[in-house]
Structure formats: C-alpha cells, structure tokens
Amino acid sequence: MIASGKVAALLEFYTDMPAMITVFGSINMDLVATAKRLPKPGETVTGETFSTAAGGKGANQALAARRAGATVKMAGAAGDDTFAAPALTLLRDAGTDLSLVKTAPGPTGTAVILIGEGGENMISVIPAANGEVSASDAAKAVAEMSAGDILMLQFEIPAPAIEAA
C-alpha cells in the first residue's frame with residue numbers, strides 16, 4: 001500500500017508539471033514571391049509580390065507550440081548571415097528557449113517559394129546551416145530533457161541527427 005501511495009504521488013507530481021517540448025529541427029528564412037502563373041521550365045514570368053518570413057518545419061512547430069502555451073526549447077542551427085536574426089526573431093519574441101540553437105558558419109537555411117494565382121506553388125529548400133545539425137547536437141538536446149518531456153522531429157535536418165535523437 002505504501003508503494004502504491006508513492007507511485008500515486010509521483011504520478012500526480014509529474015502530471016502537474018508542465019512538460020517541456022523540445023523541437024529538434026530546421027530553421028529557415030522563406031523568400032516568397034507570387035505571380036499570375038508559375039513559369040514553365042526555362043521560362044521567366046513577371047512576379048507580383050515578394051515577402052520574407054521566418055520558417056522551417058522545426059521553427060514553425062516550435063512557434064505554434066509556444067503560442068499555444070507550451071514551454072518550448074528549439075534545437076537546431078542558423079547561419080552567421082543576415083537571415084539568422086530574422087529567422088529567429090518570432091521564436092525569441094514568443095519566449096522560446098533558443099539555448100540549443102547553434103550558429104553554423106555560412107548561410108541560414110532558406111526556402112524559395114513561388115506561388116501562382118490559384119495557390120499552386122513551387123518550393124526549393126536550401127538546407128545550408130540545417131545541414132550542419134549533427135548527432136552530437138541531438139545528444140545535447142536529449143540530455144537536457146526530463147521524464148515527461150516531448151521531443152518533436154521533422155525531416156529537414158540530416159538523417160543521422162534525427163536517428164540519434
């Protein structure tokens with residue numbers, strides 16, 4: 001009876017503790033252009049609008065979880081270029097823990113997105129710093145987790161890093 005009381009107390013303790021969500025994944029800067037129609041191979045079309053937005057499947061998940069009220073830690077990599085700061089601004093402003101985001105030499109991951117009038121799109125993702133995320137980074141992220149924490153993964157970082165997590 002005493003053991004079950006201890007187990008019940010532990011379960012209550014862990015249930016009342018907010019779980020940390022660690023997102024181990026990509027951080028990108030999206031370059032978004034719209035056009036009346038998408039170009040055919042080898043063709044150039046005139047665009048209508050252009051914008052930039054922070055993105056990456058990992059960063060998007062981290063931001064959504066944080067905005068939903070979760071405690072979130074982002075693990076990944078940004079470059080040492082001019083895209084790094086804006087790629088991380090929304091996460092930082094939302095209160096996401098960025099202590100596991102490393103700075104990799106070179107560019108931040110980028111997605112070039114072209115959207116046609118009907119919503120059809122063409123996307124090219126350039127991994128850049130995301131390609132520098134390693135099994136060692138996974139080990140650091142997992143080592144900082146506690147029982148009951150949640151690990152979220154995507155496939156925009158190298159497979160060995162994902163497998164190590």
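**Exercise 1.** Which residue in strand 7 is the bridge partner of Val-112?

*Solution.* The structure is a predicted model. Begin with the strand that covers residues 109-115, namely strand 6. Strand 6 pairs with strand 7 in the antiparallel sense, and the pairing extends over 6 bridges. In strand 7, Ser-124 is the bridge partner of Val-112.

**Exercise 2.** Determine the strand order of the open sheet formed by 4 strands, and state which strands stand at the edges.

*Solution.* The order in this open sheet is 3-2-6-7, with mixed pairing. Strand 3 (47-55) and strand 7 (121-126) each have a single partner strand, so they stand at the edges, and one side of each is left without a neighbour in the sheet. From one strand to the next, the twist averages 15 degrees.

**Exercise 3.** State how many helices and strands the chain has, and give their pattern along the sequence.

*Solution.* The count for the chain is 5 helices and 8 strands. Read along the sequence, these elements follow the pattern α-β-β-β-α-β-α-β-β-β-α-β-α.

**Exercise 4.** Characterise the chain by its burial, its contacts and its accessible surface.

*Solution.* First, consider burial: of the 165 residues in the chain, 36% are buried, where buried denotes under 20% relative accessible area. Next, take the contacts between residues at least 6 apart in sequence: 72% of these join residues at least 24 apart. Finally, the accessible surface of the chain is about 9300 Å². Carbon and sulfur atoms account for 61% of that surface.

Key: Residues are numbered from 1 along each chain as its sequence is written. This is a predicted model: local features need pLDDT of at least 70, side-chain atom pairs count only at pLDDT 80 or more; totals for chains, interfaces and linings use all residues. Side-chain values use heavy atoms; hydrogens and water are left out. Two strands pair if DSSP finds at least two bridges between them. Helices (H or I, at least four residues) and strands (E, at least two) are DSSP runs, numbered from the N terminus. Axes are lines fitted to C-alpha atoms, for helices over the stretch in contact, and angles run from 0 to 180 degrees between N-to-C directions. Buried means under 20% relative accessible area, exposed over 50%, partly exposed in between (1.4 Å probe, protein chains only). Contact means heavy atoms within 4.5 Å. Accessible areas come from the Shrake-Rupley method with a 1.4 Å probe; for residues, only the protein chains shown count as cover.
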